[in-house]
Amino acid sequence: MKKIFLIALFSLAATSLLAQHNHSSDSALSTTEINSEHSLYHLNAEWTDHRGETLSLTDFRGAPVIVVMFYGNCTDVCPILIQDAWRLYSSLEKSVQKDVNVLAVSFDTENDTPKVLQEYAEYEQLDIPGWHFMTADNANVRTLAMMLGVQYSKKSDGHFAHSNLITVLDEEGRIAQRIEGLNQPMDKATKMIESIISNKDKR
């Protein structure tokens, strides 16, 4: 009887792992083509970050920005995406980090209120200077996603299928580097950010 119970338990665990794997693959959408000559700072929208501050994208003009889109109820892929953004940020020298902002933009405008985003930032230990967990209305979030080449769609279970993308913007809000997928190398993106700041300092 004990042997049968162990076999049943093993089968249940294997089924659960398989279901999680399938959930991941079903939730991943590819990115779309973008025009890197267009500045995101042309978007005239108001955003609210996890500190309750009202912001516009032009507030970040003049320095490189790291952008990642996610949603707070995602326990599968988004925590990895956020940690990837942290991995890129933490690869920079401290003297460079102070000139770089990270925008973590939620596409779950229904659930990810500034209060929820504050709790998320604290949970991830990323309620730190330069990091902004942001939300806006549906139309503006959708427009930003289109300009970044991020696809997302809400599923019947309340979760989202979405692209996994981290974007680096230059000092004028143009797309300078894209890192698609999870757990990707950050070397090129790190050098790009350092190059943007170095060129800015020479002017």
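Guide: Let us start with H50, which is found in the loop between β2 and β3 (54-55); helices (H or I, at least four residues) and strands (E, at least two) are DSSP runs, numbered from the N terminus. This is a predicted model, in which local features need pLDDT of at least 70 and side-chain atom pairs count only at pLDDT 80 or more, while totals for chains, interfaces and linings use all residues. Residues are numbered from 1 along each chain as its sequence is written, and side-chain values use heavy atoms, with hydrogens and water left out.

Visitor: Is H50 buried or exposed?

Guide: H50 counts as buried, because its relative accessibility is 3%; buried means under 20% relative accessible area, exposed over 50%, and partly exposed in between, with a 1.4 Å probe and protein chains only.

Visitor: And what does the side chain of H50 make a polar contact with?

Guide: The side chain of H50 is joined to that of D127 by a polar contact of 2.9 Å, where the term covers a pair of N or O atoms within 3.5 Å, and within protein one must be able to donate a hydrogen and the other to accept it, with residues adjacent in sequence counting only if both atoms are side-chain atoms. Leaving aside neighbours within four places in sequence, the residues in contact with H50 (heavy atoms within 4.5 Å) include W131, H132 and F133.

Visitor: Which strands is β6 joined to?

Guide: Strand β2 (residues 47-49) runs antiparallel to β6 and is joined to it by two bridges, strands being counted as paired if DSSP finds at least two bridges between them. Strand β5 (residues 101-106) runs parallel to β6, with four bridges between them, and L103 stands opposite H132.

Visitor: Switching topic, how many disulfides are there?

Guide: The structure holds zero disulfides, a disulfide being a pair of cysteine sulfur atoms within 2.5 Å. C74 is in none, and its nearest cysteine sulfur, that of C78, is 3.2 Å away.

Visitor: Are C74 and C78 buried or exposed?

Guide: C74 counts as buried at 5% relative accessibility, and C78 is buried too, with a relative accessible area of 0%.
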